[in-house]
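Subject: Structure handover and notes

Hello,

Here is the structure you asked to look at. Please open it first and keep it on screen while you read the notes below.

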Amino acid sequence: MNKVFIQTYGCQMNVADSEEMFAQLAARGAVLTEQLDEADIVLINTCTVRDHAEHRAVSFLGRLASWKKEKPGRKIIFAGCAAQRLGNALQKKYPFLDILSGAKDIEHFSDTLDKSGLFGTPALPGRLPAPGLTGYVTIMRGCNFACSYCIVPSVRGAIKCLPPEDILQNVACKTAAGAKEIMLLGQTVNAYEKDGVSFADLLNRVSEVPGVERVRFTSPHPIYFTPDFLNAVKANPKIARHVHLPVQSGSSKVLQEMKRGYTREIFLEKIHALRDCGFNISTDIIVGFPTETEADFQQTLSLVDAVKFFIAYCYKYSPRQGTPAARMKLLPEKVLEERLDILLNKVRGFSDAAYQLQVGTHQEVLMETETKGRSSENFWVKTKKKYPVGSLVHTEIERADGTLLFARD
Ligand code: SF4
C-alpha cells in the first residue's frame, strides 16, 4: 500500500484541492502519512501568488532528489499554481519529477493519474470525507478579473463553476464525516452561477443538507453582493455573519489603476448593505501601490476610519513577476514602511474596539474544543463550562481580552 506525504502551500483553496487530489490517490489504494521518510509518494501542491511561496515549493522539490534515490519506486507529483506557471521548464530542470499537474488540470487529476500509468486504476469513488469540524468545499475555480498586481487569472484561467449537484454531494460527504460547518471556496466565490443556480440559491441549498449548522464562504468580490444575495442571507441564520472582503485601497484612483472593478463609493455602499444584514467585516489592504500618492494613502486611512474593520490584514506592495503592475516604478521602501506603520496602528485600535463591542451581546458559538468556539461573526469565544465539540452553545459575552471573548457560561 502506497503512503502519501502531502505538502500544501498557499490558501484554503489549495488545502481543499490537496484533499481532492489525495482522494484520487486513495481511490487507488494509497494512505496518508505525515512522515516523509516512510512515504512512497510526495504530493506538493503549490502557490504562486507571491515569489516566496513559489521558491519554497521549488526548493522543497529540489531537496527531494536524494529522497527519491533512497528507495526505488518513489514518486513525486508537483501540482497547482506554480506547476501551471513554470510548466515544462520545471520538468527539464528536475527530471526526477514524475507528474506535473497545473492548477487548471486539478479537476482532471484522476485522468492525469491514469495516463501516467504509475498508480493503477481506481477501486473506490474519488471522494473522501476529510475529518474535521469545518468541511472545505471548492465551488468554482479561476477569476474573470485582471487585477494589475495579481498572477491568479494567468495561472488559474477564467471562472469555471462546479455543478450544484456535485457541490451538494461533496457537502453531504463532509457532514457524514462529522463536519458541522461548511466553508465554500472560490477566487470570487460570490460570482457563482451554474445551471440556473445563483450563489444565494447555493447557500440556501447547502444550509439545508442534513448536519450543516453553519455556512461560510471566501473570498468574495464586492460587486457580486447583490440584493438577491442579501435577501437570502436575511432569511437564513445558518449563513455566518462574517465576510472577508478585500478592499486593497481607499482611493478610487488607485482602485482603478489596480483594475479592481469598483470605486471607493461602491465599496462603502456594499459595506453598508452587509452591515444591515449583521455582517462583521474583515479586509486586506495593500499600501504603496506604485501610483499611490500621499493623498491616496490618506483616502485609505479615511476609509478605515469609516468602516472600522474587525480585522485588516495590511501588506506592503510587492511586485509579482508576470503581472502588468510589475513593470511600474516602485515607491521608495521607506515610504512603504512608514505608511504600513501608520495603517497598522489605526487598524489595531478598531480591532480592539470591535471585541469590546461584543460584551453584553448574545452569541451562538460553534464549539471547536470543549471550551472554545467561534461565533457566527467569527470571534473566538472561551466558555466557562465544557461542551461537546461540534455543539452549538447560546451564551452571553461577559468580557473581552485581546482577541478573545469570554462567555458567561
Ligand atoms: S479578483 Fe483580482 S486579486 Fe482576486 S484573484 Fe481575481 S485578479 Fe486576483
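Contact here means heavy atoms within 4.5 Å. This is a predicted model, so local features need pLDDT of at least 70, side-chain atom pairs count only at pLDDT 80 or more, and totals for chains, interfaces and linings use all residues. Residues are numbered from 1 along each chain as its sequence is written, and side-chain values use heavy atoms, with hydrogens and water left out.

**Domains**

The chain is assigned domain 1 (3-116), domain 2 (129-240), domain 3 (244-357) and domain 4 (362-407); such bounds come from an automatic or database domain assignment. The centres of domain 2 and domain 4, taken over C-alpha atoms, are separated by 25 Å. Nine residues from domain 2 and twelve residues from domain 4 take part in the contact.

Helices (H or I, at least four residues) and strands (E, at least two) are DSSP runs, numbered from the N terminus. The expected span of a helix is 1.5 Å times one less than its number of residues. Helix α13 covers residues 333-356, and because it has 24 residues, it should span 34 Å at 1.5 Å a residue. Its end C-alpha atoms are 35 Å apart, which agrees.

Buried means under 20% relative accessible area, exposed means over 50%, and partly exposed is in between (1.4 Å probe, protein chains only). Among the buried residues of α13 are Leu 336, Arg 339, Leu 343, Val 347 and Phe 350. The elements that cover the buried residues of α13 include β14 (280-287), α12 (294-307), β15 (311-316), β19 (392-401) and β20 (404-407).

Why does Arg 339 count as buried? Its relative accessibility is 8%. A polar contact is a pair of N or O atoms within 3.5 Å; within protein, one must be able to donate a hydrogen and the other to accept it, and residues adjacent in sequence count only if both atoms are side-chain atoms. The side chain of Arg 339 makes one with the side chain of Glu 292, at 2.8 Å. Not counting residues up to four places away in sequence, Arg 339 touches Val 287, Glu 292, Thr 293, Glu 294, Phe 297 and Leu 331.

**The loop between α2 and β4**

Arg 74 lies in the loop between α2 (51-70) and β4 (75-80). Arg 74 is buried, with a relative accessible area of 4%. Which backbone oxygen does the side chain of Arg 74 reach at 2.6 Å? One is that of Asp 37; the backbone oxygen of Trp 67 is reached at 2.6 Å as well. Leaving aside neighbours within four places in sequence, Arg 74 is in contact with Leu 36, Asp 37, Ala 39, Asp 40, Trp 67, Lys 68 and Asp 98.

Lys 71 also lies in the loop between α2 and β4. Lys 71 is partly exposed, with a relative accessible area of 35%. From Lys 71 to Asp 37 there are 34 residues in sequence and 9.9 Å in space, C-alpha to C-alpha.

**Helix α7**

Helix α7 (residues 164-176) has 13 residues. From its first C-alpha to its last it reaches 18 Å, close to the 18 Å expected at 1.5 Å a residue. Its buried residues include Pro 164, Ile 167, Leu 168, Val 171 and Cys 173. The buried residues of α7 pack against α1 (12-26), β6 (134-138), β9 (181-185), β10 (193-194), β11 (197-198) and α8 (199-207). Just after α7, Gly 178 takes a positive phi of about 115°.

**Backbone details**

Thr 218 and Ser 219 are joined by a cis peptide bond, with omega about -5°. Ser 219 is placed in the loop between β12 (214-218) and α9 (227-234).

Lys 308 is not a glycine, yet has a positive phi of about 55°. Lys 308 sits in the loop between α12 and β15 and counts as partly exposed at 46% relative accessibility.

Asn 378 is not a glycine either, and has a positive phi of about 80°. Asn 378 is found in the loop between β17 (372-375) and β18 (380-382), and counts as buried at 17% relative accessibility.

Regards
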